[in-house]
Amino acid sequence: MIVEAREISQAVIGRLPRYHRYLGELISEGVERISSSELSKRMKVTASQIRQDLNNFGGFGQQGYGYNVKYLYHEIGKILGLDKEHNMIIIGAGNLGQALANYAAFEGRGFILKGLFDVNPRLQGMSIRGVPIRMMDDLEEFLKETKIEIATLTIPKARALEVANILVENGVKAIWNFAHIDLNLPEDVIVENVHLSENLMKLSYNISRYNEEHS
Ligand code: NAI
């Protein structure tokens with residue numbers, strides 16, 4: 001039985017992509033089943049953490065057999081919504097927006113890039129992997145014609161909220177936000193913030209600690 005993802009803690013949801021990635025690797029190695037202790041060794045998390053996490057979704061494991069790798073991979077994929085296609089646009093076709101648009105692997109996971117938008121007229125007429133860069137003036141019309149679920153924001157933070165509001169008014173329900181600002185949007189809008197510099201600061205902290213311990 002799969003319980004509603006809504007009831008699952010965000011901490012568990014946050015760990016599922018890693019399970020999915022490891023299981024994908026096991027599939028490509030031809031591994032058909034794995035015990036929680038073997039998976040635990042690979043992933044460097046405790047076997048009880050794995051069992052607890054997967055029990056949230058009804059377990060999947062069988063006593064004495066372990067986990068069926070393919071089955072678990074597909075079930076976690078379903079929980080993460082990877083069995084469905086998600087139409088996506090990118091707002092801000094600068095360095096970061098273009099880099100994301102160039103990353104074809106998102107498509108393999110069902111994230112289909114339908115458009116790129118910018119205000120810079122010099123970008124008009126360009127395409128990334130066959131997807132044209134359109135001007136922001138065309139955004140509302142585009143959103144009326146094409147159902148878009150996810151909008152990626154790779155624009156300066158000063159513009160992010162006004163653009164997010166236009167997106168929400170035109171039916172976009174999820175925002176993948178790279179602009180360095182916390183967006184204050186209606187509660188039913190799902191926002192996932194990505195701040196690479198925060199990771200880097202964490203890395204910096206750990207380097208400093210390491211250096212202190214080894215000096
Ligand atoms: P960039 O300057 O190369 O690209 C920004 C693009 O946004 C430009 O093409 C510009 O014309 C466009 N733009 C500006 N106002 C707009 C509007 N109202 N509507 C549509 N497009 C608009 O900058 P880059 O390097 O691509 O970075 C983009 C943003 O992402 C910046 O705010 C930067 O601080 C942020 N950033 C965030 C990272 C993260 O980890 N969250 C990492 C790197 C950058």
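I take helices (H or I, at least four residues) and strands (E, at least two) as DSSP runs, numbered from the N terminus, and by that reading isoleucine 207 lies in helix α9. I am working on a predicted model, where local features need pLDDT of at least 70 and side-chain atom pairs count only at pLDDT 80 or more, while totals for chains, interfaces and linings use all residues. Residues are numbered from 1 along each chain as its sequence is written, and side-chain values use heavy atoms, with hydrogens and water left out.

**Entry 1: the whole chain**

I looked up the secondary structure and found 9 helices and 9 strands in the chain. I then took the extent of the C-alpha trace, which spans about 60 × 50 × 35 Å along its principal axes.

**Entry 2: around the ligand**

The shell comprises 22 residues, and the closest are Leu96, Asp118, Phe178, Val194 and Leu196. Sorting the shell by class, I noted 12 nonpolar, 7 polar and 3 charged residues; here Ala, Val, Leu, Ile, Met, Phe, Trp, Tyr, Cys and Pro count as nonpolar, Asp, Glu, Lys and Arg as charged, and the others, Gly among them, as polar. Helices α5 (95–102) and α8 (157–169) each supply at least two shell residues, and α8 gives the largest share, 3 residues.

Next I went through polar contacts, meaning pairs of N or O atoms within 3.5 Å (within protein, one must be able to donate a hydrogen and the other to accept it, and residues adjacent in sequence count only if both atoms are side-chain atoms). A polar backbone atom of valine 194 sits 2.5 Å from a nitrogen atom of the ligand, and one of phenylalanine 178 is 2.8 Å from a ligand nitrogen atom. At asparagine 95, a backbone N or O atom lies 2.9 Å from an oxygen atom of the ligand. The ligand on its own has 850 Å² of accessible area, of which the protein covers 74%; such areas come from the Shrake-Rupley method with a 1.4 Å probe, and for residues only the protein chains shown count as cover.

**Entry 3: salt bridges**

I counted 7 salt bridges in the structure, each being a side-chain nitrogen of Lys or Arg within 4 Å of a carboxyl oxygen of Asp or Glu. Side chains of opposite charge can pair when their charged atoms come close.

Arginine 15 and aspartate 53 meet in one of them, at 2.8 Å from N to O. This pair links distant parts of the chain, with arginine 15 in helix α1 (residues 10–28) and aspartate 53 in helix α3 (residues 47–55), 38 residues apart.

Arginine 129 and glutamate 107 form another, their closest N and O atoms being 3.1 Å apart. Here too distant parts of the chain are linked, since arginine 129 is in the loop between β5 (127–128) and β6 (131–135) and glutamate 107 is in helix α6 (residues 105–108), 22 residues apart. Arginine 129 is partly exposed at 37%, and glutamate 107 is partly exposed at 30%.

Glutamate 75 pairs with lysine 78 in a salt bridge, with the closest N and O atoms 3.1 Å apart. Both lie in helix α4 (residues 69–79), 3 residues apart, about one turn of the helix. Glutamate 75 is buried at 8% relative accessible area, while lysine 78 is partly exposed at 42%.

**Entry 4: the surface and helix α9**

I found a nonpolar surface patch made of Leu200, Leu203 and Ile207, with about 300 Å² of accessible area together; patch residues have over 30% relative accessible area and no salt bridge, with like charges joined within 9 Å and nonpolar side chains (Val, Leu, Ile, Met, Phe, Trp, Tyr) within 5 Å. Leucine 200 lies in helix α9 (residues 196–213) and is exposed, at 57% relative accessible area. Isoleucine 207 is partly exposed, at 44%.

Terms used
A residue is near a molecule or strand if one of its heavy atoms lies within 4 Å of it. Buried means under 20% relative accessible area, exposed over 50%, partly exposed in between (1.4 Å probe, protein chains only).
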